[in-house]
Amino acid sequence: MRKRILSGFALLGAVALAVTGCSSSDGSSDAGNGGGSGDVITVGFAQTGSESGWRSANTESMKTAFSKDNGFDLVFNAADNDPAAQIAAVRSFINQKVDAIVIAPIVEDGWDDVLKEAKDANIPVILEDRTVTASDDLYASWVGLDFKLEGQKAGEWAKETFTDPTKMVVLEGTTGSAPANDRAEGFDSAIAGSSIEKIDSQTGDFTRDGGKSVMEGFLQKYGVDGIDLVFAHNDDMALGAIEAIEAAGAKPGTDIKIVSIDAVHDGMQALVDGKINYIVECNPLLGEKAAALVKDVLAGNSVDKRTIVEDQAFDQAAAEKALPDRKY
Ligand code: GYE
């Protein structure tokens, strides 16, 4: 909690803590109306997990922005891609009486109850990265990316590039997640009426291993010659697919073309190396914006309900130029 209470009230705070059983996150601040000096903001951050390079960059950006130096005490939880565990983490933040909660929601659905509980406890919630289907008056603000537009940009590239009949397989992100849903929708609408046929689509859960094993299955089923194009919902799955294609004796980027989303370092390197053919960016550096939103909301300032960070797209030449200066 922000330690606004004068030292004379410290004892009272300590008693309240003992009664409610709240504990401090790391000894430097109390998760209750404890005493002390300073104005530290305790934030519970419910991260999805550590599924991808994008996620690592996002976690680092959040930890840097919500640092002690910036006036925060961050209680970090990564749910290992388990929606129930993530909701439990948010509930525990509510019980700890943190000042604010930030969530990168694994899936879109199922948030109504716990968001209502946070609201009833007067704890503002800021969403970062992914969105939810719950009513937007259950959270203060969201900062993230336009996933549908990302899918659309990838689809537009595919439509322009493949004018002959083309067999495509899709490596989907985590089922029920906003980026998996929206990227699929954006891509599909962009390729409508094109010569691209989606012959299969399966989730690889946004991980390298998932992308690899799903691609192995596709290669077994359709053969190297039966697949012309892979649309991977993120770079990590594309990188897994590259391994599977190479193991099958084919050349990724040449025999089977690949388009993906994120533009993390390893993905961009594969694009430069000609193993991926096109990447739409998804910027993971959302920490500063999320931290500013938390401070504004707690100060009672009005904030935008939605903040969308813009993405670019890269072909091989653009990736070569951009790679040396990429921050993630
Ligand atoms: O594209 C993927 C990560 O939610 C935008 O999650 C994020 C996605 C990102 O695992 O790599």
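Student: How do β10 and β12 pair, parallel or antiparallel?
Tutor: This is a predicted model, and in it β10 pairs with β12, residues 313-314, in the antiparallel sense over two bridges. In β12, A313 is the bridge partner of V280.

Student: Which way does V280 point from β10?
Tutor: V280 points one way together with Y278, while I279 and E281 point the other way. These residues of β10 (278-281) are all buried.

Student: What about β9, how many bridges join that strand to β10?
Tutor: Four bridges join β9 (residues 257-262) to β10, and the two strands run parallel. The bridge partner of D262 in β10 is E281. Between the strands, the chain passes through helix α9, residues 265-272, and this β-α-β crossover is right-handed.

Student: Where does α9 lie?
Tutor: Helix α9 lies across β10 and β12, and runs at about 150° to β10.

Student: Back to D262. Buried or exposed?
Tutor: D262, which is found in strand β9, counts as buried because its relative accessibility is 3%, and the cut-off for buried is under 20%.

Student: OK, the whole sheet now. What is the strand order?
Tutor: The order is β7-β6-β8-β9-β10-β12, an open sheet of six strands with mixed pairing. The edge strands are β7 (196-203) and β12, each of which pairs on one side only.

Student: And how do β6 and β8 pair?
Tutor: Strands β6 (residues 166-172) and β8 (residues 229-232) pair in the parallel sense over four bridges. V169 stands opposite V230 in β8.

Student: Which helix lies across β6, β7 and β8?
Tutor: That is α7, residues 208-222, which runs at about 135° to β7.

Student: How far apart are G144 and L286?
Tutor: In sequence, G144 and L286 are 142 residues apart, but their C-alpha atoms are 7.2 Å apart in space. G144 also touches L286, along with D129, T307, I308 and V309, again not counting residues up to four places away in sequence.

Conventions
Residues numbered from 1 in each chain as written. Predicted model: local features only at pLDDT ≥ 70, side-chain atom pairs only at ≥ 80, totals over all residues. Heavy atoms only, no water. Buried < 20%, exposed > 50% of the residue type's maximum accessible area, 1.4 Å probe, protein only. Pairing = 2+ DSSP bridges. Right-handed = clockwise from strand over helix to strand, strands pointing away. Contact = heavy atoms within 4.5 Å. Axes fitted to C-alpha atoms, helices over the stretch in contact; angles between N-to-C directions.
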